[in-house]
Amino acid sequence: MPDVTQTTVTKTTRAGSRGKLILCPHCNNETKVFHFSWLGLICQHCKASVPKYEWLLTDKPVNKITIKLDEDTWRGLLFHLRDTVEHIPVSNVEPDPWDCVTKVINVLENNLRKHD
Ligand SMILES: [Zn+2]
């Protein structure tokens, strides 16, 4: 007898930091979720309304995407970012975005100077 039972989402299923792929029981297409605090989801492929515990689990890992940029691209991106953020602290708890971008630019520039 082949094992045809496939695991479904249960109360103990966790998404993890990269999210989790779940399969629609109607069309078998994957959907990525980042948490399970919902009762049901509409499948983006077949539009079926699927209750949480009917979604199927898959062992397929979620791929991590890494993008490599050279230092010039980083600098251009950061200078552009610095020009577009306003130099006003938006909250007392979070750091000023302008300060953050400036700090990263300084670190990168120090790094570049070392290579000269
Ligand atoms: Zn579906």
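## Helix α1 in the open

Helix α1 lies largely in the open, because 0 of its 14 residues are buried. Buried means 20 or more other C-beta atoms within 10 Å of a residue's own; exposed means 12 or fewer, and partly exposed is in between, with C-beta atoms placed from the backbone. The helix covers residues 71-84 and reaches 20 Å from its first C-alpha to its last. That is close to the 20 Å expected at 1.5 Å a residue. The expected span is 1.5 Å times one less than the number of residues.

## Model and confidence

This is a predicted model: local features need pLDDT of at least 70, side-chain atom pairs count only at pLDDT 80 or more, and totals for chains, interfaces and linings use all residues. Residues are numbered from 1 along each chain as its sequence is written.

The mean pLDDT of the chain (the predictor's confidence in each residue, from 0 to 100) is 82. Of its residues, 84% reach 70 or more. Among the elements, helix α2 (residues 97-115) has the lowest mean pLDDT, 76. Strand β4 (residues 49-51) has the highest, 96.

## Elements and sheet

The chain has 2 helices and 5 strands. Helices (H or I, at least four residues) and strands (E, at least two) are DSSP runs, numbered from the N terminus. The order from the N terminus is β-β-β-β-β-α-α.

Three strands form an open sheet in the order β2-β1-β5, with antiparallel pairing. Its edge strands are β2 (30-33) and β5 (56-57), each pairing on one side only. Two strands pair if DSSP finds at least two bridges between them. β1 and β2 pair over 4 bridges.

## Core and Ile-22

Buried residues make up 6% of the 116 residues in the chain. The largest nonpolar core has 6 residues: Ile-22, Leu-23, Cys-24, Cys-43, Val-50 and Trp-55. Such a core is a set of buried Ala, Val, Leu, Ile, Met, Phe, Trp, Tyr and Cys residues joined through C-beta atoms within 7 Å.

Ile-22 stands opposite Thr-31 in β2. Beyond four places in sequence, Ile-22 touches Val-9, Glu-30, Thr-31, Val-33, Trp-55, Leu-56 and Leu-57. Contact means C-beta atoms, placed from the backbone, within 7 Å.

## Gly-19

Gly-19 sits in the segment before β1 (20-23). Gly-19 counts as partly exposed because it has 13 C-beta neighbours inside 10 Å. Leaving aside neighbours within four places in sequence, Gly-19 contacts Lys-32, Val-33, Phe-34 and Val-62. The C-alpha atoms of Gly-19 and Lys-32 are separated by 6.4 Å, with the two residues 13 apart along the chain.

Key: Contact = placed C-beta atoms within 7 Å.
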